[in-house]
Amino acid sequence: MKKMKTTKTLIATSVLFLMLTVISSCNRVPITGRKQVSLLPESELTAMSLVEYNNFLNANQVVNSGTNSAMVTRVGEKIARSVEDVLRNSGNADLLEHFDWEFHLVESPEPNAWCMPGGKVVVYTGILPYTKDEDGLAVVMGHEVAHAVARHGNERMSQQLLASTGFAALDIAMANKPEQTRELILLAAGVGVSTGALLPFSRLQESEADRLGLIFMTIAGYDPEAAVAFWQRMSVNGSGLPEFLSTHPSHETRITDIENEYIPEARTYANTSN
Ligand SMILES: [Zn+2]
């Protein structure tokens, strides 16, 4: 009887400790103010992402010359400046310390793009037919950068680690299951690496990336209306990759939100920042 009581107390203490850890590991997303769980130290996640990013670049064909490659760099740099302005003006300048921006175009038929924690952005040539022009590319890059600024990768990984191991620090997970943890980093960033394993951003995160991405691109001087045409073109492509899944959120909802809420908000930001 006494043993049972001790076990119960132990469990209660562990649960309390876990709850306190989770509560103390809550951040707020810049601009939207949404509370999120992020259990992993951003510096550790950034360092590990950098390894995966370099592996990816070594294993794929990077396009280093030509107008498209130059366009990816130009759009990326403009969006990065917008992010820095927005974060400084909103009292979130501390988030910038983890960012060391890089922008690359990579040869691949997949209509995909992603931004790893730390600001390493890759655009696949396969998405260029959908982005069409520089404004369209700014929609995609603004959206991807927004996922990183809002620490969605950290949030997804924290949720995944909580679900799979109860609670584990990244280094413990790495020591126990290095392959799965490496894959988790890639999946959390939106890199489609393996068949069957999907870790798409949640609907909430997608909407948040749409909203923040439009603010970043509009401040950078691009036309936010391009987002409507881009998502219409993507909706015709039924078989998107995880990051651009046609049902996530539904294209109709997404386009309505973009037109009615996010574009007007982005214009307000752009007007006050100029
Ligand atoms: Zn997304």
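Residues are numbered from 1 along each chain as its sequence is written, and side-chain values use heavy atoms, with hydrogens and water left out. Because the model is predicted, local features are given at a pLDDT of at least 70 and side-chain atom pairs count only at pLDDT 80 or more, whereas totals for chains, interfaces and linings use all residues. The pLDDT, the predictor's confidence in each residue on a scale from 0 to 100, averages 84 over the protein chain, and 80% of the residues score at least 70. Over residues 194-198 the pLDDT is below 50, and this stretch has four contacts in the model beyond near neighbours in sequence, a contact being defined by heavy atoms within 4.5 Å.

The aromatic rings form six pairs in the structure. Rings of Phe, Tyr and Trp (for Trp, the six-membered ring) are taken to pair if their centres lie within 6.5 Å, with planes under 30 degrees apart counted as stacked, over 60 as edge-to-face and the rest as tilted. Tyr53 and Trp114 make an edge-to-face pair, with 6.5 Å from centre to centre and 85° between the planes. This pair links distant parts of the chain, since Tyr53 belongs to helix 2 and Trp114 to strand 5 (residues 113-116), 61 residues apart; helices (H or I, at least four residues) and strands (E, at least two) are DSSP runs numbered from the N terminus. Tyr53 is buried, at a relative accessible area of 0%, and Trp114 is likewise buried at 0%, where buried means under 20% relative accessible area, exposed over 50% and partly exposed in between (1.4 Å probe, protein chains only). The rings of Phe56 and Trp114 have centres 5.0 Å apart and planes at 80°, so this pair is also edge-to-face. The pair again links distant parts of the chain, with Phe56 in helix 2 and Trp114 in strand 5, 58 residues apart. Phe56 is buried, with a relative accessible area of 13%. Tyr53, Phe56, Trp114 and Tyr124 form one aromatic cluster.

A cavity is here a set of points, on a 1 Å grid over the protein atoms alone, where a 1.4 Å probe fits but cannot get out, and lining residues have an atom within 4 Å of a point. The largest cavity is lined by 13 residues, of which Cys115, Pro117, His147, Ala148 and Gly153 lie nearest its centre. Two or more lining residues are given by each of helix 2 (42-59), helix 5 (134-149) and helix 6 (152-165), and the largest share, three residues, comes from helix 6. By class, the lining has seven nonpolar, four polar and two charged residues, with Ala, Val, Leu, Ile, Met, Phe, Trp, Tyr, Cys and Pro counted as nonpolar, Asp, Glu, Lys and Arg as charged, and the others, Gly among them, as polar.

In helix 10 (residues 226-236), the buried residues are Ala226, Ala227, Val228, Phe230, Trp231 and Met234. Their cover includes helix 4 (128-131), helix 5, helix 9 (203-219) and helix 11 (251-273). Glu252, placed in helix 11, is exposed, with a relative accessible area of 69%. Between Glu252 and Trp231 the C-alpha to C-alpha distance is 9.1 Å, at a separation of 21 residues in sequence. Ser82, in helix 3 (residues 67-89), is by contrast buried, with a relative accessible area of 2%. Leaving aside residues up to four places away in sequence, Ser82 touches Phe216, Ile219 and Ala220.

Positive phi values occur at two residues described here. Lys132, which is not a glycine, has a positive phi of about 65° and is found in the loop between helix 4 and helix 5, where Lys132 is exposed at 61% relative accessibility. Arg151, also a residue other than glycine, has a positive phi near 50° and lies in the loop between helix 5 and helix 6, but Arg151 is buried, with a relative accessible area of 12%.

Terms used
On a 1 Å grid over the protein atoms alone, a cavity is a set of points where a 1.4 Å probe fits but cannot get out, and a pocket is an open set with protein on both sides within 12 Å along at least five of seven lines; lining residues have an atom within 4 Å of a point.
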